[in-house]
Amino acid sequence: MKKVLFKYRKVIYIWVAVNLLALMINAFEIYGEVSPSNYLLSSPGRGSSGFWPFVKIVEQYDGFERYADHNHDGTYVNGLFYRYDFTEFLLYMGFLTMFLTYKAFMVKEHRV
């Protein structure tokens, strides 16, 4: 297992860092507001729910519902880590664990 951890250490560091960053951004509600309706990192609970990364980062909205005309139609950006939570974190860490276990097994069997 030490060989596998050493060989894939950069991948492990990057994988864990990106997932921890995404979790912390949403846990501490760091939105990174660029303009009143556009967010760089994440956005407050609006729009549909979903499983990250299968959520809409850019969505269209209909201004007719709010302003009674279509002059206010447009788009808004939900952010890169929109709707990322602890469930996704556990799943992606599980993927990493399964990958490393598989690689360790293959090294042990001398198949790699």
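The accessible surface of the protein chain is about 8,100 Å², and 65% of that area belongs to carbon and sulfur atoms (Shrake-Rupley method, 1.4 Å probe). This is a predicted model, in which local features need pLDDT of at least 70 and side-chain atom pairs count only at pLDDT 80 or more, while totals for chains, interfaces and linings use all residues. Residues are numbered from 1 along each chain as its sequence is written, and side-chain values use heavy atoms, without hydrogens and water.

Of the 112 residues in the protein chain, 27% are buried (under 20% relative accessible area; exposed is over 50%, partly exposed in between). Among contacts (heavy atoms within 4.5 Å) between residues at least 6 apart in sequence, 62% join residues at least 24 apart.

The axes of two helices come within 9 Å and cross at roughly 170°, which makes α2 roughly antiparallel to α4 (angle over 145 degrees; axes are lines fitted to C-alpha atoms over the stretch in contact, with angles from 0 to 180 degrees between N-to-C directions).

| Helix | Residues | Contact residues |
|---|---|---|
| α2 | 9-27 | Ile12, Trp15, Val16, Asn19, Leu20, Leu23 |
| α4 | 86-108 | Phe86, Phe89, Tyr92, Met93, Leu96, Leu100 |

These contact residues divide into 11 nonpolar, one polar and no charged (Ala, Val, Leu, Ile, Met, Phe, Trp, Tyr, Cys and Pro count as nonpolar, Asp, Glu, Lys and Arg as charged, the others as polar).

Gly50 lies in the loop between β2 (38-39) and β3 (58-61). Gly50 counts as partly exposed because its relative accessibility is 34%. Leaving out residues up to four places away in sequence, Gly50 touches Val55, Arg83 and Glu88.

Definitions and conventions. Buried < 20%, exposed > 50% of the residue type's maximum accessible area, 1.4 Å probe, protein only. Helix = DSSP H or I, 4+ residues; strand = E, 2+ residues; numbered from the N terminus. Parallel < 35°, antiparallel > 145°, perpendicular 65-115°, else oblique.
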